[in-house]
Amino acid sequence: MSDTEATQVTHRIDIEAPADAVYRVVSDVRLWPLYFPPTVRAERTRGDDSDEHIRIWAVAHGEVRTWESRRRLDPAARSVRFEQTRPADPVAAMGGRWEVRERDDKACTVVLDHHYRAVGDDPAALARIAEAVETNSVSELDHLRLAAERSGTEEDLLLDFSDTEVITGSAADVYDFLYDAAKWPDRLGHVVRLDLREQEPGLQYMEMDTRAPDGSVHTTVSGRVCFPQRQIVYKQTKLPPVLRAHNGEWLVEEVADGTVRVTARHQVLLDPEGIAALPAPPATLHAARDAVQHSLSSNSRATLARARAFAASR
């Protein structure tokens with residue numbers, strides 16, 4: 001692919017944070033699901049801190065898509081070049097570069113370049129890719145700015161907790177209960193409505209109305225990546241107003257004597273502005289943390305209890 005054959009586009013943003021702190025987020029893909037709303041999961045599949053292959057699962061156009069990329073990292077220049085090695089249709093080729101340019105010791109400019117082509121150079125596909133690149137680039141840069149500029153308060157806003165249940169039954173039955181989320185409104189009392197789409201096996205996009213312990217109903221949109229019989233990773237891309245981010249996973253592990261250990265893990269980043277805007281906000285940040293954890297854990301424990309009953313009935 002030559003540069004003249006590809007569509008090229010550049011996005012940039014000024015960030016009031018040290019360049020090294022910003023580059024840390026750009027370079028470590030393990031952080032992306034926490035800071036970048038479209039990203040459901042990101043992992044290094046091989047390589048090292050200078051030349052790596054990564055796989056990303058992200059939400060775009062109401063579906064979960066996945067691709068693999070090679071990245072060449074240059075910490076001295078604070079730049080990362082990337083090229084998709086396994087693009088997903090309708091993308092024929094996609095690559096670009098992140099560059100963090102220091103303005104002074106407390107400020108920088110981030111430049112994000114893309115070049116891409118559509119399969120068969122189809123105009124409709126090209127327009128669809130352009131829209132996704134525009135939407136995701138603007139979102140990623142804005143959330144990168146928020147993460148870097150608020151890094152001093154992150155420790156108080158970040159929660160990481162889990163609930164575990166040991167279930168008598170088969171891992172396959174437990175996994176099937178968690179995987180078949182379309183049936184949750186009939187199986188789980190806190191799920192009021194759920195619409196699920198699965199364009200590719202194991203890649204799910206769902207919109208769900210959930211009733212909180214106080215009786216209020218919240219609508220969330222999530223992308224889920226399902227690894228058969230062992231793990232379901234999810235990311236909420238539409239959140240309740242008190243959250244900036246919510247990532248989670250269901251982990252299913254066979255243990256001794258015909259039992260299964262099931263863990264529901266949550267990683268949550270609170271939104272202080274959203275909390276303050278509530279009609280009756282918690283008195284302290286600590287109280288808000290407790291309320292969010294109680295609400296999410298209550299739903300997880302209810303789901304685990306129903307999964308236990310489902311596995312026992314099978």
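Helix α8, which spans residues 285-313 of this predicted model, comprises 29 residues and extends 42 Å from its first C-alpha to its last, close to the 42 Å expected at 1.5 Å a residue. Within α8, the buried positions are A288, V292, S295, L296, S297, N299, S300, T303, L304, A307, F310 and A311. In general, residues three or four places apart on an α-helix point the same way, because each turn takes 3.6 residues.

Aromatic side chains form six pairs in the structure. In the pair formed by W57 and F227, the ring centres are 6.0 Å apart and the planes meet at 80°, so the arrangement is edge-to-face, the class assigned to planes over 60 degrees apart. Because W57 belongs to strand β3 (residues 51-60) and F227 to strand β11 (residues 217-227), this pair ties together parts that are 170 residues apart in sequence. Both W57 and F227 are buried. Elsewhere, W32, F36 and W98 form one aromatic cluster.

One member of that cluster, W32, is also among the residues touched by R71, which is located in strand β4 (residues 63-74). R71 is buried, since its relative accessible area of 2% falls under the 20% cut-off. The side chain of R71 reaches the backbone oxygen of S27 at 2.6 Å, and a polar atom of the R71 side chain lies 3.2 Å from the backbone oxygen of V26. Not counting residues up to four places away in sequence, the contacts of R71 include V26, S27, D28 and V29, together with S50, D51, E52 and I54, as well as V80, R81 and F82.

Definitions and conventions:
Residues are numbered from 1 along each chain as its sequence is written. This is a predicted model: local features need pLDDT of at least 70, side-chain atom pairs count only at pLDDT 80 or more; totals for chains, interfaces and linings use all residues. Side-chain values use heavy atoms; hydrogens and water are left out. Rings of Phe, Tyr and Trp (its six-membered ring) pair if their centres lie within 6.5 Å; planes under 30 degrees apart count as stacked, over 60 as edge-to-face and the rest as tilted. Helices (H or I, at least four residues) and strands (E, at least two) are DSSP runs, numbered from the N terminus. Buried means under 20% relative accessible area, exposed over 50%, partly exposed in between (1.4 Å probe, protein chains only). The expected span of a helix is 1.5 Å times one less than its number of residues. A polar contact is a pair of N or O atoms within 3.5 Å; within protein, one must be able to donate a hydrogen and the other to accept it, and residues adjacent in sequence count only if both atoms are side-chain atoms. Contact means heavy atoms within 4.5 Å.
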